[in-house]
Each structure stands twice: as structure tokens, then as C-alpha cells.
Amino acid sequence: MAPKLKRVLIADPQPASARLLTEIMRDIARSHIWVAPTTDRAMKIAETCDPQLIVVELGHDDLDGLAFTRTVRRSHWNCRQAPVITVTSAATAGAILAARDAGVHEFLRKPYSMKDLVRRLEAVTLRDRDWVEGVGYIGPDRRRFNSGEYAGPLKRRTDGSETPYQQKINQALKIVRAAVAASETDPEQAMRAMVTQANAIQSIATDFKLTLAASEFYRHLSKAAHAGGKFTRAEAEKWAAPLLTFLPKDADPGRTAAAA
């Protein structure tokens with residue numbers, strides 16, 4: 001774990017708990033630690049210092065941990081995909097799901113033991129999770145949310161019936177559909193989501209026609225990006241149409257925002 005824990009940001013307005021975690025992390029990995037007591041300070045450190053791990057305290061007026069996490073995920077900072085562990089003493093089901101939906105990797109309940117912390121650190125450093133570059137959601141794949149606190153049902157009805165390959169392709173196509181719909185309300189993130197999914201489909205598709213459709217979609221996006229990144233929803237719909245024919249007919253549009 002140590003090489004992935006050299007730079008750690010602890011966002012916590014409580015000096016005592018921040019100091020305790022700092023000492024523990026230095027014992028575990030000899031980490032360089034930045035401590036931020038407020039949201040603004042946490043954002044400045046995240047932007048300039050490129051932490052490899054972010055630990056965020058929840059439930060304080062001076063630091064909105066979930067809003068901070070969402071900002072990191074939507075940013076262009078180097079650390080935007082860094083693992084985030086949220087810490088709180090109010091480990092309700094609602095808090096856990098809210099943290100997951102904000103884009104965190106792990107959830108840690110206070111008071112925690114060294115074993116609890118190490119388990120979370122192992123999860124974020126030793127077990128890779130797919131990255132979801134959507135519009136409504138940006139972060140690690142929520143279907144693989146593996147916090148020791150989470151005991152809820154599978155997120156989607158199709159989990160368990162689709163092969164891993166089908167899950168990845170269908171999720172990418174649903175995200176493309178959601179991004180097209182958001183191409184005028186959130187054009188920057190829509191473009192980033194569509195480019196990411198076009199590349200992902202090209203890299204994993206085994207169907208030549210699907211690969212070709214993804215490649216052509218990516219070509220249109222690249223031309224738009226080189227022209228200043230401006231495009232209309234009608235243009236995005238036209239570019240995406242051949243690709244979206246591969247989306248299963250029974251895919252529920254009402255669930256697209258949640259999937260993306």
C-alpha cells in the first residue's frame with residue numbers, strides 16, 4: 001500500500017481527530033500529510049498538491065465533505081480520481097448511500113480501530129474499481145461499493161443477469177445517452193463523458209460494428225473539441241445515433257441518470 005499513500009489530504013475541522021489520523025498514516029506509510037479544516041482550504045490543497053488519497057470528515061458546518069468530493073470529481077485536477085474515504089460517527093444508511101453517490105470509495109465509521117482503517121486502505125490501494133465518467137455521477141463504480149458498512153441490495157435490476165462484458169458495454173452506452181441529453185445544460189462534462197465512453201467501448205468491444213460506431217462517434221467528438229468544444233444537442237444526437245442502436249431495447253431511460 002505504501003507507494004500509493006505517499007501524499008494524503010485529511011479534510012477535518014477537528015484538530016484532535018486530524019492529528020490522530022496523521023500519526024497513524026505516518027506510521028503505516030510514512031505519508032506526507034496535508035490537513036485542511038475547511039472546504040476552501042481542502043480544495044486549494046487538492047488542486048495544487050495532487051494527493052494520492054483523500055480522507056474527508058462528514059457532518060460539520062466548516063467542511064462539506066460530500067460537496068467537496070463532488071467538486072474534486074468534476075474538476076480537471078490531477079487528483080480527481082484519487083480514492084476518497086469518508087469518516088463519520090453518524091453512519092446511517094442514508095449517510096452511507098449519500099457518500100457513495102457523491103463519488104467516494106470507502107466509508108469509515110467512528111470510532112474505528114486500526115484494523116478498520118487498514119481494511120479501507122487495502123480496498124482503495126490493492127483492489128481496483130472501474131471508473132465511471134458520467135454526467136449525473138462521476139466516481140468509482142457504485143455497483144462495486146465495498147465498504148464494510150454497506151449491506152444493501154444490488155444497485156441495478158440487471159446485476160447478476162448480465163455478463164461483466166455486457167455490464168460494461170451497456171453502462172457505457174447508457175452514459176452516452178445521458179451525456180447527449182445533457183449536451184447543452186452541462187456541455188463540458190457531457191463532452192468528457194462521451195469521449196471517455198467512446199474510448200472505453202473501442203477498447204473492450206468484440207463486435208466490429210460496435211467498434212466502428214464508437215470510432216466514428218469519437219471522430220465527431222474530436223472534431224468538435226478541436227473547433228472549440230461547441231456543439232448542439234441535435235448534433236450530439238446525430239453523432240450518437242448509430243452507436244446507441246446497440247443499447248438493449250429494454251434499457252429503461254428513466255434509470256439512465258442513476259446509471260450515469
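Q: In which strand is the place of His-32?
A: This is a predicted model. In it, His-32 belongs to the run of residues 32-36. That run is strand β2.

Q: Is His-32 buried, partly exposed or exposed?
A: Buried residues fall under 20% relative accessible area and exposed ones over 50%. The value for His-32 is 46%. His-32 therefore counts as partly exposed.

Q: How far apart in space are His-32 and Lys-6, C-alpha to C-alpha?
A: Not counting residues up to four places away in sequence, His-32 touches Lys-6, Arg-7 and Val-8. Lys-6 is 26 residues apart from His-32 in sequence. Their C-alpha to C-alpha distance in space is 5.8 Å.

Q: Which strands stand at the edges of the open sheet?
A: The sheet has 5 strands with parallel pairing, in the order β2-β1-β3-β4-β5. An edge strand here has a single partner, so one of its sides is left without a neighbour in the sheet. The strands in that position are β2 and β5.

Q: Which residue of β3 is the bridge partner of Ile-10?
A: Strand β1 (residues 7-11) runs parallel to strand β3 (residues 53-57), and 4 bridges join them. The bridge partner of Ile-10 in β3 is Val-55.

Q: What angle does the direction of helix α5 make with that of β5?
A: Helix α1 (residues 15-29) packs on the sheet, touching β1, β2 and β3, and its direction makes about 165° with that of β2. Helix α5 (residues 114-126) also packs on the sheet, where it touches β3, β4 and β5. The angle between the directions of α5 and β5 is about 175°.

Q: Why is the pair of Phe-231 and Trp-239 tilted?
A: The structure holds 1 aromatic pair. Its ring centres, those of Phe-231 and Trp-239, are 6.0 Å apart. Planes under 30 degrees apart would count as stacked and over 60 as edge-to-face. The pair is tilted because its planes stand at 40°.

Methods
Residues numbered from 1 in each chain as written. Predicted model: local features only at pLDDT ≥ 70, side-chain atom pairs only at ≥ 80, totals over all residues. Heavy atoms only, no water. Helix = DSSP H or I, 4+ residues; strand = E, 2+ residues; numbered from the N terminus. Buried < 20%, exposed > 50% of the residue type's maximum accessible area, 1.4 Å probe, protein only. Contact = heavy atoms within 4.5 Å. Phe/Tyr/Trp six-rings, centres within 6.5 Å; stacked < 30°, edge-to-face > 60°. Pairing = 2+ DSSP bridges. Axes fitted to C-alpha atoms, helices over the stretch in contact; angles between N-to-C directions.
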